[in-house]
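Student: I am new to this structure. Could you take me through what its terms rest on?
Tutor: Gladly. Let us look.

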Amino acid sequence: MVTHDSEGAHAHAAPTGFIRKYIFSLDHKVIGIQYWLLALFSVFVGMFLSVMMRIHLVWPNAHIPFVENNQLTPEQYLALLTMHGSIMVFMVLTTAPQSGFGNYILPIQIGAADMAFPVLNMLSFWTTFLSLVVMISAFFVTGGAPISGWTAYPPLSALDAIAGPGQGAGQTLWVIGVAIFCGASLMGALNFITTIIDLRAKGMSLMRMPLTCWAWFVTAILGLLAFGVLLAACLLLLLDRTAGTSFFIPGGLVVSDKIIDHKGGSPLLWQHLFWFFGHPEVYIAILPGMGVASHILSTFSRKPVFGYRAMVHAICAIGFLGFCVWGHHMFVSGMSPYSAFAFSLLTMSIGVPSAIKTFNWLGTIWNGKIQFTCSMLFALGFVSLFVSGGVTGLFLAQPSIDLFFHDTYFVVGHFHLIMGVAAIFGIFAATYFWFPKMFGRHLNEGAGKLHFWLTFVGVYAIFLPTHWLGMVGHPRRYADLSGATFLYPLIPVQKFISIAAFITIGSQFIFLFNFLWSVKKGMKATDNPWHATTLEWSIPSPPPHDNFGGHIPVVYHGPYEFSVPGYADDYVPQHLAPEHVAKNKS
Amino acid sequence: MNSMSDSAILDEIEIIDSGKGSGVPPRDGGDDDSGNSGRRSPFSSRRYFTGISLGLVAIVMFFMALTSAYIVRKGLGGDWRPVRLPSLLWVNTVVLLASSLTIEVARRRAAARLESFRRWWALTTVLGVAFLVGQVIAWRQLVLAGFYLKSNPANSFFYMLTASHGVHLAGGIIALLYVGFRVWERARITRDAAAELASIYWHFMDGLWVFLLILLNLGR
């Protein structure tokens with residue numbers, strides 16, 4: 001006879017002492033919050049950088065604190081841009097949705113007492129923390145932060161300080177920081193996949209897993225396969241920078257009047273390696289948000305997810321196809337038009353599973369008894385922003401159109417809507433949803449609704465105009481418009497965007513204060529304030545150290561049994577044995 | 001019918017649990033984990049086998065990226081001058097292959113013949129260290145013959161690929177030492193499970209080295 005209680009007996013006893021409980025904790029819940037806080041810190045750093053960028057772009061002579069002469073040089077603008085992208089993509093979008101909420105919620109949702117490898121989990125957080133420290137330290141070395149963008153294209157990124165300010169120690173620290181981040185992500189991905197494969201509770205088959213778990217599963221697989229490639233690319237770049245090799249540096253370069261003694265390398269090689277990682281990376285950023293959206297839309301419509309099986313297949317299809325499309329970042333690199341054609345078709349085909357998911361979200365809420373809680377608002381906002389950001393991807397997927405749009409503000413609008421906003425809305429939806437579980441108190445709903453509306457309107461105000469800017473030919477990564485007279489008529493639009501950005505960023509402080517206040521003083525939460533079905537709502541808020549108190553539940557139902565005909569309640573918790581489910585009196 | 005009967009649930013568990021190939025014979029795990037150090041759950045080592053397989057997948061992707069970079073770079077400019085592989089590399093290869101044999105012998109003795117296990121395990125570790133020492137000597141031979149890291153892309157790839165493999169092998173040696181020295185009687189998994197996990201990694205490093213050798217030879 002097979003027993004699963006042996007898995008339920010917790011691997012380690014409850015820790016004592018502040019360091020063991022809150023610093024070097026092995027508890028997946030603490031580690032999840034640590035990741036979330038790292039992302040919270042990083043997002044405010046990233047927003048601060050973008051504020052400086054937006055000020056400089058429309059008021060180039062404005063007084064900027066912390067810099068020499070209180071004026072930004074164009075290179076410093078590029079440094080801000082590089083670190084804004086790097087910190088936001090790596091430290092916010094790759095950490096909070098997956099390592100933050102995934103760590104906290106996944107083990108509970110599948111009925112496990114912790115992740116498969118708690119020590120590795122702790123190591124993966126502190127390694128991520130180390131990579132953040134290394135990356136941020138690039139600001140404080142001679143020359144400052146690198147200027148080659150989060151994409152770090154050689155030869156600029158492969159040469160040393162001769163190539164520009166920030167390209168000395170700053171770029172080296174960036175590469176090392178990213179490489180460390182790769183190691184941390186691989187550790188985390190390994191943990192997630194093992195946990196899902198091996199630690200599910202009795203009765204929790206794969207097709208009874210909540211869609212959040214499916215999203216974390218496929219995301220972890222993407223991470224496991226992609227980050228090794230980025231690590232290899234970073235190693236080669238580091239050798240080019242420090243050991244005189246020429247993996248990426250071509251011959252014949254003259255930089256700052258000096259002949260560069262490298263030859264034979266290919267900048268395109270970096271692009272292929274980077275984007276082979278880079279495209280799965282953006283699906284790593286969005287898939288958890290999709291899982292959360294499905295989960296929350298179902299819960300607050302009191303209806304099952306429409307087409308659960310199709311949703312699972314769509315998540316897997318998006319994950320798989322995500323590995324096949326990296327060339328669409330390189331349409332203007334001189335690639336063969338036949339390759340471009342293949343990448344174009346594959347890129348557009350991702351629209352199919354994405355559309356399936358979108359229609360199924362609509363089908364989920366159709367005729368539902370909708371409760372407009374804050375998390376529901378953010379989940380609905382996610383759907384809106386995913387569609388808005390996603391459709392412009394179809395334009396960019398055509399090489400002929402991308403010839404015009406590449407490196408314009410159209411691309412900036414596309415990826416900000418889909419990553420910088422839709423994925424962020426996924427994080428907010430998850431935060432408002434699981435905050436009561438994590439902290440035993442509710443976030444203030446009124447403040448939350450204000451935060452939602454200001455942010456929702458604000459992000460559209462910021463990013464919709466960028467598409468138009470791109471259409472009229474405004475290039476991206478320009479520090480200011482003074483050198484391009486044909487762009488002067490666009491300055492009012494840029495001013496509008498900047499002001500919208502300041503207001504939207506300011507609104508995030510509503511969330512921050514709400515969070516800080518509610519952790520201590522929010523309305524106390526019950527075990528299951530949302531009347532949800534999944535396992536995390538069957539335990540106290542906040543949960544005990546070993547989640548289930550030593551008694552792992554048995555799962556009898558699928559994850560979205562809402563409004564089941566013939567039952568008294570409009571929801572059936574997954575762990576409730578059939579004989580205990582109250583039926584309608586009839 | 002919204003629920004499964006208990007026996008159907010248990011059948012599903014059997015399906016989930018069986019066929020995972022943990023290689024560990026089922027122990028007397030019918031009872032719960034009451035903290036009795038003599039009993040161990042028959043399932044808790046499975047996660048480590050899943051974990052090591054996933055780790056190897058990640059390592060494969062890392063080396064596949066380097067391999068594809070190698071192939072691309074080789075086909076680019078005309079500046080590829082093949083490296084004359086020192087014959088010491090073949091000796092090192094034999095040493096590493098031998099260590100795969102010795103680790104197999106050791107692993108089969110981990111459960112029952114402890115003293116014999118320790119001897120063969122130590123021999124494996126020594127052979128692994130000897131491989132690394134041999135690699136370092138081979139590098140020095142190449143440097144003395146004028147093949148520097150940066151003078152030629154073929155050189156760069158040679159040093160970079162062999163060093164990457166060497167770093168991963170060093171990690172394997174640390175694992176061997178850990179398995180050799182840790183007191184497994186108080187651990188959550190058995191010594192033979194730990195030995196099997198380490199040997200999976202070790203054999204993979206062996207196979208990876210053979211692959212790299214073929215790749216480097218094809219680069220001539």
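Student: Which residues touch the most other members of the largest nonpolar core?
Tutor: Ala233(A) and Ala429(A) do, in a core of 210 residues. Helix H8 (residues 211-242) of chain A gives the most to this core, with 24 residues. Keep in mind that this is a predicted model: local features need pLDDT of at least 70, side-chain atom pairs count only at pLDDT 80 or more, and totals for chains, interfaces and linings use all residues. Residues are numbered from 1 along each chain as its sequence is written, while chains are lettered from A and ligands numbered from 1 in the order in which they are written.

Student: What makes a set of residues a nonpolar core?
Tutor: The members are buried Ala, Val, Leu, Ile, Met, Phe, Trp, Tyr and Cys residues, joined through C-beta atoms within 7 Å. A second, separate core has eight residues, including Ala397(A) and Leu469(A).

Student: Why is His442(A) called buried?
Tutor: A residue is buried if 20 or more other C-beta atoms lie within 10 Å of its own, exposed if 12 or fewer, and partly exposed in between; C-beta atoms are placed from the backbone. His442(A) has 20 C-beta neighbours inside 10 Å, so His442(A) counts as buried.

Student: Where does His442(A) lie?
Tutor: In chain A, in the loop between helix H15 (409-439) and helix H16 (445-471). Helices here are DSSP runs (H or I, at least four residues), as are strands (E, at least two), numbered from the N terminus.

Student: Which residues is His442(A) in contact with, leaving aside neighbours within four places in sequence?
Tutor: Pro436(A), Ser518(A), Gly522(A), Met523(A) and Ala525(A). Contact requires C-beta atoms, placed from the backbone, within 7 Å.

Student: Why is H5(A) called roughly parallel to H15(A)?
Tutor: Helix H5 (residues 95-110) of chain A packs against H15(A) at an angle of about 20°, with the axes 11 Å apart. Angles under 35 degrees count as roughly parallel, over 145 as roughly antiparallel, 65 to 115 as roughly perpendicular and the rest as oblique. The angle therefore makes H5(A) roughly parallel to H15(A).

Student: How do the residues of that contact divide into nonpolar, polar and charged?
Tutor: Ten are nonpolar, one is polar and none is charged. Gly counts as polar, whereas Ala, Pro and Phe are among the nonpolar kinds. Among the residues that meet are Phe101(A) in H5(A) and Gly426(A) in H15(A).

Student: How many helices and strands does chain B have?
Tutor: Six helices and zero strands. Buried residues make up 34% of its 220 residues.

How values were computed: Contact = placed C-beta atoms within 7 Å. Axes fitted to C-alpha atoms, helices over the stretch in contact; angles between N-to-C directions.
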